[in-house]
Amino acid sequence: MSDFDLLVLGSGPGGQRAAIAAAKLGRRVGIVDRRDMMGGVCINTGTIPSKTLREAVLYLTGLNQRELYGQSYRVKDEITVADLGMRTQHVIGRETDVVRSQLARNRVTVLPGTGRFLEPDTIAVSGTGDREQKLTADRIVIATGTRPARPETVDFDDRTIIDSDGIINMDRIPETMVVVGAGVIGIEYASMFAALGTKVTVVERRERMLDFCDLEIVEALKYHLRDLAVTFRFRESVASVERMAHGAITVLESGKRIPADTVMYSAGRHGMTGDLCLEAAGLTADLRGRIKVDEHYRTEVPHIYAVGDVIGFPSLAATSMEQGRLAAHHACDEPVSQIHETQPIGIYTIPEISFVGRTEDALTEAKVPFEVGVSRYRELARGQIIGDSYGMLKLLVSPDDRRLLGVHVFGTGATELVHIGQTVMGCGGTIDYLVNAVFNYPTLAESYKVAALDAMNKMRHIARLSG
């Protein structure tokens with residue numbers, strides 16, 4: 001008899017949900033992770049710290065209130081890393097306690113240490129000492145997550161030249177910073193430090209940033225970041241980074257030299273599979289450490305599953321949670337539905353972005369006709385009350401059946417607002433529902449009604465002309 005029905009490697013969002021789902025199905029479940037990483041990268045160095053840092057920045061700088069109280073308004077004049085870290089550590093501690101409590105409440109056995117395969121059904125768990133524990137399991141879920149990719153040509157010192165994990169351990173707020181990579185993580189941190197008053201330069205080898213987002217939304221974000229003194233260097237690659245006594249010089253392949261107190265690399269992430277001894281289980285990972293899975297999150301070895309960032313796109317905490325739950329149900333031979341294809345994306349820049357469904361570019365490329373309905377926060381009473389004059393919500397609507405094809409939001413509360421559109425899309429609803437619905441007033445949510453009316457009026461105009 002095996003030690004466990006299901007053994008999970010990694011306690012991040014995917015691993016935690018897999019363990020709890022299997023436990024609720026009455027299985028004997030164990031979860032392996034280091035004592036100092038309970039909750040995974042998400043809680044300790046990634047999602048939770050970065051979003052908490054963002055809230056601290058917004059509050060202490062008073063950035064969101066300057067529309068009302070003037071551009072010089074600040075809650076605190078001299079913001080220190082201690083100010084930022086205090087809130088971050090508080091939230092990390094509380095979230096870690098929540099994870100431990102949930103696992104204990106569901107009788108999941110927590111095994112402190114790191115795991116590696118000895119055989120396809122046998123895991124060796126190494127704790128703090130030399131002692132190694134051998135465990136067998138009928139089903140195994142790999143949820144080890146990712147770490148920041150570090151180019152070998154860059155001499156990281158975790159103080160002057162850092163990756164995204166090093167942000168929360170900074171000993172000072174830099175006056176100048178170079179962010180290499182304009183992906184989600186790079187742009188989120190660039191906007192946070194720019195809000196703190198750091199002069200930020202973003203270097204990106206591609207022609208634009210966040211190319212999976214709606215172009216109009218990205219242009220709006222770019223405008224606001226430039227207003228915060230962010231400089232963009234697109235179509236530029238880093239040749240080298242020269243560390244100096246009091247900073248570093250980033251040398252671009254075009255010959256430009258950019259001095260800065262700190263250089264942050266955001267060059268993608270790499271699956272943490274190197275120490276798992278996958279070959280002992282009959283598995284392999286690709287060059288970025290990712291594991292291939294099928295639609296049930298099952299690997300090439302039938303009793304081994306993988307979920308979360310370690311399997312690649314979309315690499316979001318929200319989707320990882322659902323992947324873990326579904327993998328556990330499938331591993332336990334319990335019926336379960338697939339993830340709904342309509343999944344939201346949230347980007348916690350300042351201001352934030354969120355969308356669900358397809359973009360204008362994607363629809364145009366696929367030759368799918370659409371109408372656009374737009375609502376701007378400055379036209380909403382709630383927008384005036386909170387001092388957000390730049391936010392907007394955009395609906396992409398099918399002129400044939402008036403169903404929503406995409407929802408794109410920029411501004412305060414974007415990552416919350418998007419779920420209204422997600423629900424309407426998921427239920428196959430049309431903008432008729434939004435036009436006829438009553439929304440609380442004054443709210444940002446009523447932007448849906450305004451945008452729906454805008455799209456409806458445009459379609460009515462076409463129908464009248466075609467009459």
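Colleague: Axes are lines fitted to C-alpha atoms, for helices over the stretch in contact, and angles run from 0 to 180 degrees between N-to-C directions. At what angle do the axes of H1 and H5 cross?

Modeller: Roughly 25°. This is a predicted model, by the way. H1 covers residues 13–24 and H5 covers residues 81–105. Their axes come within 10 Å.

Colleague: Is H1 roughly parallel to H5, or roughly antiparallel?

Modeller: Roughly parallel, because angles under 35 degrees count that way.

Colleague: And is the crossing of H1 and H5 left-handed or right-handed?

Modeller: Left-handed.

Colleague: Which residues in H1 and H5 meet?

Modeller: From H1, Gln16, Ala19 and Ile20. From H5, Val99, Gln102 and Leu103. The contact of H1 with H5 has four nonpolar residues, two polar ones and no charged ones.

Colleague: Now H3 and H5. How do the axes of H3 and H5 cross?

Modeller: At roughly 140°, and the axes come within 9 Å. H3 is residues 47–61.

Colleague: What does that make H3 and H5 to each other?

Modeller: Oblique. Roughly antiparallel needs an angle over 145. H3 passes H5 in a right-handed crossing.

Colleague: Which residues of H3 meet H5?

Modeller: Ile48, Pro49, Thr52, Leu53, Glu55, Ala56, Val57, Tyr59 and Leu60. In H5 they meet Asp83, Leu84, Arg87, Thr88, Val91, Ile92 and Glu95. This H3 and H5 contact divides into 10 nonpolar, two polar and four charged residues.

Colleague: Change of topic. Where is Lys76 found?

Modeller: In the loop between H4 (66–69) and H5. Lys76 has 31% relative accessibility, so it counts as partly exposed.

Colleague: What is Lys76 in contact with, leaving aside its neighbours within four places in sequence?

Modeller: Leu60 and Asp83. Both residues turn up in the H3 and H5 contact too, Leu60 in H3 and Asp83 in H5.

Colleague: What does the side chain of Lys76 reach at 2.8 Å?

Modeller: The backbone oxygen of Glu78. Gly62 is 14 residues away from Lys76 along the chain, and their C-alpha atoms are separated by 8.2 Å.

Colleague: Next, Asp3. Where is the place of Asp3?

Modeller: In the segment before strand S1 (4–9). With 38% relative accessibility, Asp3 counts as partly exposed.

Colleague: Leaving aside neighbours within four places in sequence, which residues is Asp3 in contact with?

Modeller: Arg28, Lys134, Leu135 and Thr136. Take Arg28: 25 residues from Asp3 in sequence, yet 8.1 Å from it in space, C-alpha to C-alpha.

Colleague: And which atom of Thr136 lies 2.9 Å from a polar atom of the Asp3 side chain?

Modeller: The backbone nitrogen of Thr136.

Colleague: Is Thr144 buried or exposed?

Modeller: Buried, because its relative accessibility is 18% and the cut-off is under 20%. Thr144 sits in the loop between strand S6 (132–142) and strand S7 (146–148).

Colleague: What is Thr144 in contact with, leaving aside neighbours within four places in sequence?

Modeller: Leu9, Met272, Thr273, Leu276 and Val310. A polar atom of the Thr144 side chain lies 3.0 Å from the backbone oxygen of Met272.

Colleague: On to the backbone. Which residues does a cis peptide bond with omega of about 5° join?

Modeller: Phe313 and Pro314. Pro314 is in the loop between strand S17 (304–306) and helix H8 (317–331). A cis peptide bond also joins Ile350 and Pro351, with omega about -5°. Pro351 is in the loop between strand S18 (345–347) and strand S19 (353–357).

Colleague: What phi does Arg107 have?

Modeller: A positive one, about 60°, although Arg107 is not a glycine. Arg107 lies in the loop between H5 and strand S3 (109–112).

Colleague: Is Arg107 exposed or buried?

Modeller: Exposed, at 73% relative accessibility.

Colleague: And what is the phi of Arg402?

Modeller: About 65°, again positive in a residue that is not a glycine. Arg402 lies in the loop between strand S21 (392–397) and strand S22 (404–410). Its relative accessibility is 32%, so Arg402 counts as partly exposed.

Conventions
Residues numbered from 1 in each chain as written. Predicted model: local features only at pLDDT ≥ 70, side-chain atom pairs only at ≥ 80, totals over all residues. Heavy atoms only, no water. Helix = DSSP H or I, 4+ residues; strand = E, 2+ residues; numbered from the N terminus. Parallel < 35°, antiparallel > 145°, perpendicular 65-115°, else oblique. Left-handed = near helix turned anticlockwise from the far one by under 90°. Contact = heavy atoms within 4.5 Å. Nonpolar A, V, L, I, M, F, W, Y, C, P; charged D, E, K, R; others polar. Buried < 20%, exposed > 50% of the residue type's maximum accessible area, 1.4 Å probe, protein only. Polar contact = N/O pair within 3.5 Å; in protein donor to acceptor, adjacent residues only side chain to side chain.
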